[in-house]
Amino acid sequence: MKNIVIHAPGDLRIEERDMPSPGPGQVLVRIATGGICGSDLHYYNHGGFGAVRLKEPMILGHEVSGHVEALGKGVTGLQAGQLVAVSPSRPCRDCRFCDEGYYNECLNMRFYGSAMPFPHIQGAFREYLVADAAQCADASGLSSGEAAMAEPLAVCLHATRRAGEMLGKRVLVTGCGPIGLLCILAARRAGAAEIVATDLTDFTLRVAARNGADRVINMADDAGAMDGYSADKGHFDVLFECTGAAPALAGGIAALRPGGIIVQLGLGGDMQVPVQTLTAKELQLRGSFRFHEDFFSGVELMQKGLIDVKPLITQTVALADAEEGFRVASDRTRAMKAQIAF
């Protein structure tokens, strides 16, 4: 079977590996669609992000959906041919954080396509994937492309829970890639009254405007466009910081009103934080990392038509053209979410 393997920055290969078989409690999934994530792009373009670096060849990918091909012993509730979204979250369920129900902070997490541990955790961009039955969410009624969006949607649903009460809140989203766009959709679904989004490209901002942002601001065109929101100690109640860039965080903090909440999703490495402003305005800085049970909630929201991810899927390429897909996905002037059809 074919796998998409990263060896070094710019060195992406399609390689053959042996066909796997499901064990007890597992299923064999014939992968249909895989979404190219920002972390996949970091591995492809830079060999990692922050302190996380590639140390060995690694199969990429963690945003996948597919059809059940075979069931392992003891599996119930799934059947051959069924479309499933596969959660990449695989906590050990035995460490102290798992015992506390804090699964996304598992000490022994096996998250698909991650170079954080060594040996690396191999990813899900392969024609056939063995997964635990508990990872598989019934995606009936969705396209395989929609089902593959369950993972980034789960990231944003988790972040929205981290933000707390959203009804009637004024929200700022910095960064309008897929995570920023899904935060807009999640915040609006949770009751946000006003959403302003910032980015550096017109393409991403147009997509944001069509998908729930009340106002979009291109900071590359007008760096002072946010100044009015900083008057009288700030305007926004919640900041979703999705860039991992220090200037975006600093500008967002300036625009938050006293008592506001910062939810940091962007992973761009360590950043300087204006602690004096944080203190003087009594702001709360909350990290948001991955997800767990939010994955199944996201699939259900899509199935019920309460969140529509289809407008965010801008390109789909064949497996043989995977590298072209990575190049397209790296171009923020024309790609929101690029996917690979297996």
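Let's start with I307 and what it touches: leaving aside neighbours within four places in sequence, I307 is in contact (heavy atoms within 4.5 Å) with L153, L157, L185, A186, R189, L301 and M302. I307 sits in the loop between helix 9 (294-303) and strand 17 (313-318); helices (H or I, at least four residues) and strands (E, at least two) are DSSP runs, numbered from the N terminus. At 4% relative accessibility, I307 counts as buried. Buried here means under 20% relative accessible area, exposed over 50%, and partly exposed in between, with a 1.4 Å probe and protein chains only.

A quick word on the model, friends. This is a predicted model, where local features need pLDDT of at least 70 and side-chain atom pairs count only at pLDDT 80 or more, while totals for chains, interfaces and linings use all residues. Residues are numbered from 1 along each chain as its sequence is written, and side-chain values use heavy atoms, with hydrogens and water left out.

Now the aromatics. Rings of Phe, Tyr and Trp (its six-membered ring) pair if their centres lie within 6.5 Å; planes under 30 degrees apart are stacked, over 60 edge-to-face, and the rest tilted. That rule gives eight aromatic pairs. One of them is F97 with Y102, edge-to-face at 6.2 Å centre to centre and 75° between the planes. F97 is buried at 18%, whereas Y102 is partly exposed at 41%. F295 and F296 have ring centres 5.7 Å apart and planes at 75°, so that pair is edge-to-face too. In that pair, F295 is buried at 1% and F296 is partly exposed at 36%. Ring pairs also link F111, F291, F295 and F296 into a cluster.

Last, the second largest pocket. A pocket is an open set of points on a 1 Å grid over the protein atoms alone, where a 1.4 Å probe fits, with protein on both sides within 12 Å along at least five of seven lines; lining residues have an atom within 4 Å of a point. This one is lined by 19 residues, with G266, L267, G268, G269 and D270 nearest its centre. Thanks, everyone!
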